[in-house]
Structures are given as structure tokens and as C-alpha cells.
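Try each task before reading its solution.

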Amino acid sequence: MTIIRQRFQDQLDSLIRDIQRLGTHVYFSIDNALTSLSINDRQFARQTVNNDKKINAQNYDINEKVIMLITKQQPIAKDLRMMMSSLKIASDLERIGDNAASIAKIRLRTKITDDYVLTRLVTMGNLAMLMLKDLDVAFKNNDIILLKEIIQRDEDIDDLYSHIINTTYLIDNDPFIAGQAHLAAKHLERIGDHIINIAESVYFYLTGSHYEQ
């Protein structure tokens, strides 16, 4: 391998590490958002909201790095596919961070105390976090079967979202809190959707084909 190619490969490896670091920060952002819903510490919720700025900055840096690599290295084939997938993955991770911050903002407006709803919100978030962890495993191991399984798991998040939206007794008791609970569920449902987008981007990078159901 030539020195130039080795240097280029090092830059690609660095890009992948940046994506993985962003994924880790987003993972903990979801975890912190879920925690903020169930504790009395409003300052913790504010911290979770403010941490989204770091995620936005990481996404910006990844975009700049990809643009630099494309313009200076003129990559072809799989290298270019990896870069384009990285842009999409970083964008979806950034949006997941936005949704997590929005959940923490809900805690600044009100506290959801209903155990039925809160348990399902936390379960939605935990499912999303597990999907993110398994995505990292699937990428490292080139595990296409696991990728397909992750994509199918979004149905579980959607089912829980439907349960929360159709919980009418909460609306009868307090329409404002019900609205905020429904909004939290919507953000978590969107997080699931973005994770599916990431899984499909990883699938495209590994296989060179677009994922089809």
C-alpha cells in the first residue's frame, strides 16, 4: 500500500471513529432525556438540552471532514459510498439528538407522573438505545442479518407509540400533561425512524445496494 493510500485510509478510519463517537453521545443523550422525565431535577433536564450543542458541533465537523476528503482525494467506489453514508448517518444522529433535547424540554414544562405512560415512554427509549448499540455491532461485524433485524424492531416502538396515543384516560385527567406525554412519544417514535435510516445507510455502505423490505 502506498504512503498516499495509507494516509487516505487513516483519514477514513478517523471519519468512522468520529461517527462512532457521535453515536455514543447521542446514545447517552437519549438516556439522559429519559432520566430527566422521571426525576425532580430540572437542572439535569437543562443540561441535557444544552448538550445538544455538542452533538450539533460534531455533526458539523463530520460534514466538513467529508467535504474535504471528497474534494482533495476524489474517492471512488466503496470509499465514496462510505463518505456519502457517513453524511446521512451523521445527519440522522444529529436529528436524534434534537429529539432527545426536545424530550428534556418537555420535562422543563411539566412532569409526567402516570406510571402506565412513563413506563412505555422509557421502554420506547430503551428499545431505541438497544437498536443503536446493535447497529454498532452490526457495522463492526459486517452483520447484514442483524441489520435487517434492527430495522424490523422499529415496529415495537411504533406499537408502544400507539398505546400511548390511545390512552384516553390521561387526557380526561389532565389534557396538558396528556399532550406533553403524546409529544414525548412522538419524539421517541421519530428517534426510531432515524435509527432505521441509519441502519439502511449502513446496509448501503456494506452491500452497495439500497435496502428493500
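A nonpolar core is a set of buried Ala, Val, Leu, Ile, Met, Phe, Trp, Tyr and Cys residues joined through side-chain atoms within 4.5 Å. Buried means under 20% relative accessible area (1.4 Å probe, protein chains only). The model is predicted: local features need pLDDT of at least 70, side-chain atom pairs count only at pLDDT 80 or more, and totals for chains, interfaces and linings use all residues. Residues are numbered from 1 along each chain as its sequence is written, and side-chain values use heavy atoms, without hydrogens and water.

**Exercise 1.** Find the residues with the most contacts inside the largest nonpolar core.

*Solution.* 
- Step 1: This core has 59 residues.
- Step 2: Ile30, Leu93 and Leu121 have the most contacts inside it.
- Step 3: Helix 8 gives the most to this core, 14 residues. Helices here are DSSP runs (H or I, at least four residues), numbered from the N terminus.

**Exercise 2.** List what Leu93 touches, leaving out residues up to four places away in sequence.

*Solution.* 
- Step 1: Contact means heavy atoms within 4.5 Å.
- Step 2: Leu93 touches Ile19, Leu22, Gly23, Val26, Ile55, Leu132 and Ile198.

**Exercise 3.** Which helix supplies the largest share of the lining of the largest pocket?

*Solution.* 
- Step 1: On a 1 Å grid over the protein atoms alone, a pocket is an open set of points where a 1.4 Å probe fits, with protein on both sides within 12 Å along at least five of seven lines; lining residues have an atom within 4 Å of a point.
- Step 2: Of the 20 lining residues, Ile19, Gln20, Gly23, Leu135 and Asp136 are closest to the centre of the largest pocket.
- Step 3: Helix 1 supplies the largest share, seven residues.

Terms used. Helix = DSSP H or I, 4+ residues; strand = E, 2+ residues; numbered from the N terminus. Buried < 20%, exposed > 50% of the residue type's maximum accessible area, 1.4 Å probe, protein only.
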